[in-house]
Amino acid sequence: MNFAAPASVIRLTSLSVVVALGLLAPVNAQNQAQPIDPNSPNNLRPTAQNNSLLSIEGGERLMKEAEQAVASQNYAQAAKKLQEARQIYNQLSNFYQQLNSSFSGIDNRVSDSQRQKALLTAQKRDEATYQLALVHRAQNQPELAVPLLVQIIQSQNPTRELGKKAYQQLLELGFVDAPYPRQGGSSSSSSSPKK
């Protein structure tokens, strides 16, 4: 019998395992050190820590930083922070909606909790979007503000306070010409006789 061939296969296999483990260790270290990328919609890192970016608190920190940047008239920095906050809140809202859907009919308590969080984070996203639109207006960039304001109206509905404020901004920009809500009357459209 020839035992030399199996021994060389075992040595080669052992060497392959050692090399593979050596290559994996730096990859794992890199994964642990990388910050959360708000542009990655599939980033599912845990958020139990208060310093996590993918959390309501992380979004609030970004909003405060944006507010400080606006106060110092650093509109470019404010726009960057508001865009990041929008992305964080949008991701959170989507994740909570997915959890709500997953638990619907299984555990209504968990489902309702996730639905409330989805609504809260969607509201915060729309508030960040509105602030970003205002920053674009301050930078004399209505072409960037208009799409954001329209998104807010779609998300909020024109009858809600933030939707009304967004529509008012569109009116001030001259993008729309019909005031809403109408002054001194109902907000429903007038009916004209059919021909």
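The model is predicted. Helices α4 and α6 pack against each other. The largest nonpolar core has 20 residues, and a second, separate core has eleven.

**How α4 and α6 pack**
- Two packed helices are described by the angle between their axes and the distance between the axes.
- Helix α4 spans residues 108-138, and helix α6 spans residues 161-173.
- Their packing angle is about 20°, and their axes lie 11 Å apart.
- Angles under 35 degrees count as roughly parallel, so α4 and α6 are roughly parallel to each other.
- The crossing of α4 and α6 is left-handed.

**Who makes the contact**
- From α4, the contact uses Gln123, Asp126, Glu127, Tyr130, Leu134 and Arg137.
- From α6, the contact uses Leu162, Lys165, Ala166, Gln169, Glu172 and Leu173.
- By class, five of these contact residues are nonpolar, two are polar and five are charged.

**The largest nonpolar core**
- In soluble globular proteins, nonpolar side chains tend to be buried together.
- Leu149, Ile152 and Leu170 touch the most other members of the 20-residue core.
- At least two core residues come from each of α2 (56-71), α3 (75-103), α4, α5 (142-156) and α6.
- Helix α5 gives the largest share, six residues.

**Leu149 and the second core**
- Setting aside neighbours within four places in sequence, Leu149 is in contact with Tyr130, Ala133, Ala166, Gln169, Leu170 and Leu173.
- The second, separate core has eleven residues, including Tyr89, Phe95, Tyr96 and Ala128.

Note on methods. Residues numbered from 1 in each chain as written. Predicted model: local features only at pLDDT ≥ 70, side-chain atom pairs only at ≥ 80, totals over all residues. Heavy atoms only, no water. Axes fitted to C-alpha atoms, helices over the stretch in contact; angles between N-to-C directions. Helix = DSSP H or I, 4+ residues; strand = E, 2+ residues; numbered from the N terminus. Parallel < 35°, antiparallel > 145°, perpendicular 65-115°, else oblique. Left-handed = near helix turned anticlockwise from the far one by under 90°. Contact = heavy atoms within 4.5 Å. Nonpolar A, V, L, I, M, F, W, Y, C, P; charged D, E, K, R; others polar. Core = buried A, V, L, I, M, F, W, Y, C linked by side-chain atoms within 4.5 Å. Buried < 20%, exposed > 50% of the residue type's maximum accessible area, 1.4 Å probe, protein only.
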